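Student: I have a structure here and would like to know what its labels rest on. Can we go through them one by one?

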Amino acid sequence: MIRRKKGEVRLKDGLTAESINESLISRSRAAIFIIRDGQVEFANEATSGIFGYSPDEIVSAPAEKFLTLETAVKIFGTDTVSPRQPGECNSLELTVLHKNGEKIPVEAEVAVIDYNGSPSTLAIIHHGAERKKLDEQLKEGLEKLKKSFGTLIEALNKVVEARDPYTGGHQRRVANLARAIAVELGLPNEEVDSLSLAAMVHDIGKIAVPSEILNKPGSLSQSEWGLVKNHAQIGYDLLKDVEFPWPVANIIYQHHERLDGSGYPLGLKAGEIRREARILAVADVVEAMSSLRPYREPIGLEMALGEIEKNKSRLYDASSVEACRWLFREKGYKLNADKEDI
Ligand SMILES: [Fe+2]
């Protein structure tokens with residue numbers, strides 16, 4: 001028996017399972033597996049990207065699980081392109097079976113190796129050029145779709161604000177501030193985009209509230225206030241069936257929820273409220289208090305920052321409050337309704 005140092009890969013003398021696991025093979029972006037007697041002996045993490053199966057699901061399974069018959073013949077025998085002897089290697093174009101049943105064209109390098117003392121087939125598989133092109137087209141399509149949704153959001157934003165001149169620019173100012181807070185908190189780009197878009201139309205439900213109530217000077221009766229509060233539910237109902245690539249409807253639904261359960265419409269508590277909605281709540285309150293309303297003069301930014309600080313962790317998410325205050329105090333952030341790229 002050949003004794004090897006830990007982690008050493010000796011292609012000439014044969015590979016050991018230990019050396020494979022410890023080598024770059026297990027971290028390669030190409031799917032790499034070893035098959036002996038028609039059964040998978042080793043698979044790296046990248047197999048899940050191409051086949052949809054995790055290594056645990058593939059190892060010990062028969063190769064037919066993810067190889068078409070035609071592909072199996074190409075790899076293991078009976079035709080001239082398959083490798084025969086240890087050391088031989090061939091590049092092949094193959095079709096493999098994804099877990100979801102889809103047939104996927106791939107490119108593969110296949111070789112016969114000595115694996116733990118027995119001749120085995122090593123296959124290194126990556127997406128074929130056709131698949132890469134398809135992926136690029138899908139990506140392009142998704143970008144176009146996102147752009148169209150962005151345009152739709154802009155249009156909806158104008159609809160709400162046309163009916164409610166006092167809040168003209170409110171949604172965009174909130175969206176800009178919410179985005180800045182999210183970036184400050186290091187949220188992933190997808191979540192930042194979701195939040196920005198939802199914030200742009202977070203009061204969409206107000207289109208169902210009579211404009212006399214929205215623009216009424218002075219205080220509202222209990223029933224009028226009930227109608228105004230209903231806008232979170234209405235906003236959700238309006239958008240819940242639109243298949244946005246972002247959870248816009250759910251963020252809107254929760255933008256008046258408060259950590260202690262005192263918010264509406266559901267009275268959700270802390271961890272039940274999605275992160276984007278917790279950020280949106282802070283941005284919404286700060287902007288609303290800083291601006292003019294039909295029933296009052298602007299309260300002002302200082303008071304608004306004081307309000308979120310006072311109720312930090314009770315009503316408002318602490319990290320969002322900290323980030324918001326940091327933006328205004330240390331970074332000189334100014335509320336603005338400038339259009340920013342979404
Ligand atoms: Fe609202």
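Student: How are the donor residues of the iron ion spaced in sequence?

Tutor: In this predicted model, the spacing reads D-x27-H-x23-H-H. D203 lies in the loop between α7 and α8, and H256 in the loop between α11 and α12, 53 residues apart, so this pair links distant parts of the chain.

Student: What makes D203, H231, H255 and H256 donor residues of the iron ion?

Tutor: Donors are N, O and S atoms within 2.8 Å of the metal. D203 contributes OD, while H231, H255 and H256 each contribute NE2, at 2.2 to 2.3 Å.

Student: Why is the arrangement around the iron ion called irregular?

Tutor: The four donor atoms subtend angles of 84 to 173°. Tetrahedral would require all angles to lie between 85 and 135 degrees, so the range of 84 to 173° rules that label out. The arrangement is therefore irregular.

Student: What makes β2 and β3 edge strands?

Tutor: The open sheet has five strands in the order β2-β1-β5-β4-β3, with antiparallel pairing. β2 (39–43) and β3 (89–97) each have a single partner strand, so one side of each is left without a neighbour in the sheet. From one strand to the next, the twist averages 35°.

Student: How do you know that β4 and β5 pair?

Tutor: Pairing takes at least two bridges. Strands β4 (residues 103–115) and β5 (residues 118–127) are joined by 10 bridges and run antiparallel, so they count as a pair.

How values were computed: Residues numbered from 1 in each chain as written. Predicted model: local features only at pLDDT ≥ 70, side-chain atom pairs only at ≥ 80, totals over all residues. Heavy atoms only, no water. Donors = N, O, S within 2.8 Å, 3.2 Å for Na, K, Ca; no water. Tetrahedral: all angles 85-135°; square planar, octahedral: opposite > 155°, others 65-115°. Helix = DSSP H or I, 4+ residues; strand = E, 2+ residues; numbered from the N terminus. Axes fitted to C-alpha atoms, helices over the stretch in contact; angles between N-to-C directions.
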